[in-house]
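Work through the exercises below with the structure open beside you. Try each task before reading its solution.

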Number of protein chains: 2
Amino acid sequence: MSNRILHKGLKSKVMSAEEAAAMIPNGAILGMSGFTGAGYPKAVPIALAKRAIEERMKGKPFKVTALTGASTGPELDQAMGLTEAISFRFPYNGDAVMREKFNAGVIEYQDMHLSHAGSLVRYGYYGRKDNKLDFAVIEVTKIKEDGTIVPSSSVGANTAYFDVAEKYILEVNEWQDERLEGMHDIYTVSGKHGERGPIPVMKADDRVGTPTYTIDLSKVAAVVVTNNPDRNAPFKAPEDVHKKIAQHILDFFDGEVKAGRMPKNLLPLQSGVGNIANAVLVGLNEGHFEGMTSYTEVIQDGMLDLLDSGKLKVASATAFSVSPDGQVRFNKNIDRYRKQIILRPQDVSNHPEVIRRIACIAMNGFVEADIYGHVNSTHIAGKGIENGIGGSGDFARNSAYTIFMSPATAKDGKISAIVPFASHIDHTEHDTMGIVTEFGFADLRGKSPKQRAKEIIEKAAAPEFRPILWDYFKRSMANPSAGRHTPHMFEEAFSFHTRFLKTGDMKPKK
Amino acid sequence: MSNRILHKGLKSKVMSAEEAAAMIPNGAILGMSGFTGAGYPKAVPIALAKRAIEERMKGKPFKVTALTGASTGPELDQAMGLTEAISFRFPYNGDAVMREKFNAGVIEYQDMHLSHAGSLVRYGYYGRKDNKLDFAVIEVTKIKEDGTIVPSSSVGANTAYFDVAEKYILEVNEWQDERLEGMHDIYTVSGKHGERGPIPVMKADDRVGTPTYTIDLSKVAAVVVTNNPDRNAPFKAPEDVHKKIAQHILDFFDGEVKAGRMPKNLLPLQSGVGNIANAVLVGLNEGHFEGMTSYTEVIQDGMLDLLDSGKLKVASATAFSVSPDGQVRFNKNIDRYRKQIILRPQDVSNHPEVIRRIACIAMNGFVEADIYGHVNSTHIAGKGIENGIGGSGDFARNSAYTIFMSPATAKDGKISAIVPFASHIDHTEHDTMGIVTEFGFADLRGKSPKQRAKEIIEKAAAPEFRPILWDYFKRSMANPSAGRHTPHMFEEAFSFHTRFLKTGDMKPKK
Ligand SMILES: CC(C)(COP(=O)(O)OP(=O)(O)OC[C@H]1O[C@@H](n2cnc3c(N)ncnc32)[C@H](O)[C@@H]1OP(=O)(O)O)[C@@H](O)C(=O)NCCC(=O)NCCS
Ligand SMILES: CC(C)(COP(=O)(O)OP(=O)(O)OC[C@H]1O[C@@H](n2cnc3c(N)ncnc32)[C@H](O)[C@@H]1OP(=O)(O)O)[C@@H](O)C(=O)NCCC(=O)NCCS
């Protein structure tokens, strides 16, 4: 028996993943843990994937609805994606196999703001007729003697799933370091209308909840013991392009500090997922800002660097997204990190109330932005959905500074990240303040659409695309399809995309 | 001397509107009062418009930046629009002349979420080099002996403008009923990062501030006395189409109450501007829901009906948008309304923190929605920008229920409000839960893009447009430009719009 299950009653619930999975009927609605490749269940999903095959061999359907915190690891999204054991996925995905299934049109996906996901489930919008979910399948680090639960390496939407699921399956993962205990801050945002009060987080490092989950133990249907690593991708060392993007952002911060709009230690940093976001953190570590704080969604390697160098005092998030190397470093210094890192439910880490109050700096990657400042974070022409909006909208909409960053081109310069009309819009012109590429920082604050177009084309677009973007803009001004406030020609709005789909290049042939 | 100016020191500042306007230099940045046709300055803007003409006759430029709460009346936006006395307008406009200037490309406009407007100004993004505005030009009802100020018929962004303007010009409008005193609840959301705490509003009728503005009297440069009515358009009696839309919404509420997701007295209602929004209020007044509350932006005639019938207990807003008839009724019953109506700064009335906490039902008009649930609130094909996003995004993004409503067609059935790709996007697929037309209520909750397409086409689109919407969807599934998660054909995404621009009809010729 695992020494991670100390509560007597729950010891009797220990069973294999297969036995636990057998409890889950076809069509069940599951709330599962997992946020980035951290803290997701690793055994029951594989057992479900296998069951889906067995049932299919018998000519019977087996598909479940899978709600999670955000992305997970291969044992969940890849295994259940491959076997099409999921009919509906929510609210985020980062797995390549699952993505292919969405883009093939065989698995349905709803891409949702992460701060909303738990609330919407709590409001009953994803439940059965009685508004409940069938099962919460949650990875945890340990079950204590008193039945309280030490969370795993992500908190995500777990509190919501515990609140609304009829039964629980707990995966106790012995791979997770027991010394995670004390790092979490579990605070529940009620789903009952009329019951909610202020969220008492006043600064990034406020602790307002408890270190463990308190759950209804009578709902625990199964406890499964695992010993499997979290799986997050290693980071690439920042390339030249990424370093230039980071430098433009640092320069912008300098300007804001000088103008008296930003304090010297900046404001709580939110930093998105991906290589560019990590490069900005590397840049900040090499820069001159001290005493920084972070109120963000995920802890990346770059955050650990900043904590190690002492430039960052505290990091609040809901999950880890550290590379295998980062994981080794994390475990080595876990006792120090426990004082510096706070893991909260995503309801809290991403809540507009807190983000607006403490005035974050939101920095997220984008796929494409149009000349008026609408941003596409999710859809790639010729391919389909990439990941999802994640927390980018939660932070972009509510922060004091909202910055989107990307290389100015993709696919060997054939694709411009700046286009006349974004082929999918996740963040509107009303929500974007800075568009940054290796060429510069387009500052959109206080500008009309036409003023933004000038700024974006001249500062952020790749020089070789500027003439054709200006050409589109000028001809739209001369002959607009819908006025000269946001000039467009609907006939040509997607001409960059259609040209790329035909010729493999957004630039016209010379 | 007006008996509305009781503070001794300020009596000496009384002057004509022309004298006050003469203090304002070319290029000045002005923060002005006004939200819908209520509480906007009525004399200084006309004087500025006249000055713009005089200066122009002398060959000199005269243009100012005009920041307001939201829309205003003809004395401001029409007069200053006609004379092009404004170079940059923010954050909302409802005036037809001003709109033409935007669409002609001669006045720049930034369309911004109303809850953000004041914050962004406070952060310094709209100010001079020193982050300040030059003047706040604010209509008030009365200056009390102690120098505190009784607000006028809107609060809007006035507290922000008082906070960041170097000098103030007060218009004391004797037309405003003195008995407005006590109806306001002035609470300031600080612009200083690190200083903000929770906004203590827990329910729609919580009063958390003071009934008057307390301002730095040394900054008052001029006091101008006026006696001019607010100007709001009369409402049309609900037409058949509007009544059907209202009925679908009421039926939806019934379903939610039955499902146990909504209490019997519903949730705090937010209701947008326009005829349809008013029709829904009329519908609610004829319906069976009792004990309702409202946490909204503007008080329309329909709200007064609901208060009069006793079905609505309280209405919190930032301004009035009542018809001339409604105004007469309002003044007659003002002593009762003072106990039922609370006017707050738009920072508070529209704040995501409060909206999410108290769980509003957001109901706003839309121009067009696409088959995947992206909503255009602002731009009309062949014409240009209509009004602006207003508070629709503040409420849509944060409410427990987010409903957009419009007739299914416009211009005698030639235009479909449901299109393949919205020609401008103000609210993304991530933010919309209900799309309602006279044909039905498309419930988008918990649905993937493809599931939403089916729901929207079958429930909300006009029957004559359904076949061509299905045709677009099916061919996009067969041959998608960016995968089958959100199937589109970029070549044809705006085909409804381009056809309309060519033939005057979105439907193809038979
Ligand atoms: C937008 C996003 C995909 C960029 O990711 P990234 O790792 O920073 O950036 P990369 O430049 O490596 O781009 C990732 C891939 O998209 C491709 N890509 C990016 N922009 C593209 C474009 N305009 N057209 C075609 N492909 C594009 C890249 O080529 C790369 O493809 P590859 O994997 O085949 O090499 C990522 O930031 C994201 O998923 N954002 C949405 C969620 C979010 O913002 N979360 C933040 C809160 S946690
Ligand atoms: C969208 C909006 C313009 C609809 O207004 P409304 O009064 O409810 O609806 P109407 O049907 O009367 O439409 C207004 C005009 O737009 C036109 N219109 C609406 N949809 C159209 C479409 N898809 N194509 C062309 N014209 C359209 C109507 O024909 C009408 O034109 P007219 O003035 O020439 O008759 C209005 O709700 C708005 O400005 N919304 C944005 C701000 C907001 O939501 N505020 C709410 C928070 S306060």
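A polar contact is a pair of N or O atoms within 3.5 Å; within protein, one must be able to donate a hydrogen and the other to accept it, and residues adjacent in sequence count only if both atoms are side-chain atoms. This is a predicted model, where local features need pLDDT of at least 70, side-chain atom pairs count only at pLDDT 80 or more, and totals for chains, interfaces and linings use all residues. Residues are numbered from 1 along each chain as its sequence is written, chains are lettered from A and ligands numbered from 1 in the order in which they are written, and side-chain values use heavy atoms, with hydrogens and water left out.

**Exercise 1. Describe the surroundings of ligand 1.**

Step 1. Start with the polar contacts. An oxygen atom of ligand 1 sits 3.5 Å from a polar backbone atom of A:Asn275. A nitrogen atom of ligand 1 is 2.8 Å from a backbone N or O atom of A:Val367. A:Asn387 places a polar side-chain atom 2.7 Å from an oxygen atom of the ligand.

Step 2. Find the cover. Ligand 1 has 940 Å² of accessible area on its own, and the protein covers 80% of it. (Accessible areas come from the Shrake-Rupley method with a 1.4 Å probe; for residues, only the protein chains shown count as cover.)

Step 3. List the neighbours. There are 23 residues around ligand 1, each with a heavy atom within 4 Å of it. A:Glu297, A:Asn364, A:Val367, A:Asn387 and A:Gly388 come nearest.

**Exercise 2. Repeat the ligand analysis for ligand 2.**

Step 1. B:Asn275 has a polar backbone atom 3.5 Å from an oxygen atom of ligand 2. For B:Val367, a polar backbone atom is 2.8 Å from a nitrogen atom of the ligand. A polar side-chain atom of B:Asn387 is 2.7 Å from a ligand oxygen atom.

Step 2. Ligand 2 alone exposes 940 Å², and the protein buries 81% of that.

Step 3. Of the 23 residues around ligand 2, the nearest are B:Glu297, B:Asn364, B:Val367, B:Asn387 and B:Gly388.

**Exercise 3. Characterise the contact between chain A and chain B.**

Step 1. Count residues. Contact means heavy atoms within 4.5 Å. Chain A gives 86 residues and chain B gives 86 residues.

Step 2. Compare the two sides. The copies meet through the same surface, because 100% of the interface residues of chain A are also interface residues in chain B.
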